Amino acid sequence: MLGLIRGWQRRHWRDRSKAERVELQTLGTWYFTTWFFSFAWLALPLVGGLERRPGSLLVGGLLLLVGALQCAEANRLTRPVLDHYLRRTGLPPRALYPAGVLLALGLALALVLTAVGGADPVTTRLCIGAMLLPFGMLYGLVVSIRRFLRHSALLAVVLMAAFGWAEPGAAGIFMVGFLTAFATCFSLFACRCSAWNLAVLWEADRAGEVEARLAVAEERLRFGRDLHDVMGRNLAVIALKSELAVQLARRGRPEAVEQMIEVQRIAQDSQREVRAVVRGYREVDLGVELAGAQGVLRAAGIACEVSGETGGLPAQVQSALGWVVRETTTNVLRHGDAGRCSVVLRMPEGRVVLTVENDGAGSPATDAGDGSGLTGLRERLRGVDGTLEAGFVGAGVFRVVAEVPLSANAAVREVAS
């Protein structure tokens with residue numbers, strides 16, 4: 001049972017983004033509010049204030065049935081109405097007709113209960129508010145605020161006239177108008193403000209995605225410019241010298257060999273320059289990645305502790321471990337609900353060990369492919385004779401340990417130099 005609960009929590013909460021969690025919480029609040037007011041303003045008052053006569057009991061029972069159906073219909077339409085407000089999908093023109101019919105039926109039953117004297121005036125007036133709230137929370141997201149207020153004012157006049165006819169009295173008429181105004185304002189505040197906050201949140205989320213894509217596109221443009229600057233001039237010179245060598249060879253001139261030797265030299269220089277550009281594009285600085293990970297996690301509300309020094313590590317080792325820090329930080333943000341994360345860098349006896357541990361872990365990322373997921377990290381560490389271990393070490397605690405020997409990498413660096 002506990003495993004089923006954890007699986008449900010992971011599917012419906014942990015695996016959702018923060019914007020999706022806020023939206024889910026908002027929907028849950030709307031569902032609860034609808035049933036709460038129906039229970040507090042309809043069910044409880046009818047139980048205590050209903051006359052024990054067959055006619056009154058029948059009307060009161062019908063009111064409870066209509067109230068329950070109205071709440072169920074409101075819950076069913078809450079998601080489509082919110083999607084319509086957020087402009088995700090369109091809402092059919094007659095989608096609110098069943099809810100409108102239930103509202104009219106409930107108000108008619110409350111009027112009948114008032115006319116036959118089947119309940120005290122406070123109970124019948126509270127029934128009006130209980131009927132107005134579920135429909136108002138839907139209608140407030142479908143039409144404009146001005147139209148919603150105009151229709152609410154018209155409805156208030158009609159209800160005050162109808163209930164004033166059924167039970168004359170200034171206090172009762174005023175109470176009908178007051179409850180109608182309260183239901184109008186509360187419905188508009190509850191649905192419209194929350195939906196507006198969701199719209200702003202989703203807009204900010206989309207803006208973040210656009211900013212990330214723009215950053216990637218800008219980096220690609222920079223890489224393209226660097227390649228153009230490196231290769232453009234050299235390829236033009238190679239083309240000219242190759243053409244010159246062809247013309248000299250056709251004439252039997254010995255200078256053609258010298259031109260081809262020059263072409264070979266320029267091509268080798270171009271190859272070295274391209275490798276330098278790609279190396280600068282792909283290498284990662286471990287110190288920068290550690291500082292960036294700490295800043296990003298703290299900005300996301302996750303307590304992050306970083307310990308260890310990166311001085312003296314070979315460039316290849318720093319690059320490989322920097323990718324480990326970058327990937328594990330991404331996993332902490334995307335695949336769990338962490339509240340704490342620690343990054344420890346140690347160098348015991350000719351090796352360097354990087355440990356990243358976080359709580360609130362969901363399913364670990366196991367994406368295959370170069371440069372992504374734990375498989376990509378293992379491939380990068382394999383290039384410097386390193387290893388990677390990842391797994392759960394407690395309830396919701398996930399640990400990643402990357403270990404790289406320094407002796408082998410120092411020997412590689414000496415050979416390269």
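Thr123 touches Pro45, Leu46 and Gly49, with residues up to four places away in sequence not counted; contact means heavy atoms within 4.5 Å. Thr123 lies in helix H5 (residues 121-142). Helices (H or I, at least four residues) and strands (E, at least two) are DSSP runs numbered from the N terminus. Thr123 has 4% relative accessibility and therefore counts as buried. The classes are buried, under 20% relative accessible area, exposed, over 50%, and partly exposed, in between (1.4 Å probe, protein chains only).

The model is predicted: local features need pLDDT of at least 70, side-chain atom pairs count only at pLDDT 80 or more, and totals for chains, interfaces and linings use all residues. Residues are numbered from 1 along each chain as its sequence is written, and side-chain values use heavy atoms, with hydrogens and water left out.

The protein has 12 helices and five strands. Of its 417 residues, 39% count as buried. Among contacts between residues at least 6 apart in sequence, 73% join residues at least 24 apart.

Helices H4 (residues 97-115) and H6 (residues 145-166) form a pair. Their axes come within 8 Å and cross at roughly 25°. H4 is therefore roughly parallel to H6. Axes are lines fitted to C-alpha atoms, for helices over the stretch in contact, and angles run from 0 to 180 degrees between N-to-C directions. Angles under 35 degrees count as roughly parallel, over 145 as roughly antiparallel, 65 to 115 as roughly perpendicular and the rest as oblique. The crossing of H4 and H6 is right-handed, the near helix being turned clockwise from the far one by less than a right angle. On the H4 side, the contact involves Leu107, Ala110, Leu111, Thr114 and Ala115. Their partners in H6 are Leu159, Ala162, Phe163 and Ala166. These residues divide into eight nonpolar, one polar and no charged. Here Ala, Val, Leu, Ile, Met, Phe, Trp, Tyr, Cys and Pro count as nonpolar, Asp, Glu, Lys and Arg as charged, and the others, Gly among them, as polar.

Helix H10 (residues 315-334) has 20 residues. From first C-alpha to last, H10 reaches 29 Å, close to the expected 28 Å, which is 1.5 Å times one less than the number of residues. Of the 20 residues of H10, 14 are buried, so the helix is largely enclosed by the rest of the structure.

Arg378 sits in helix H11 (residues 373-382). At 32% relative accessibility, Arg378 counts as partly exposed. Arg378 touches Leu388 and Ala390, residues up to four places away in sequence again excluded. Arg378 and Leu388 are 10 residues apart in sequence and 5.9 Å apart in space, C-alpha to C-alpha.
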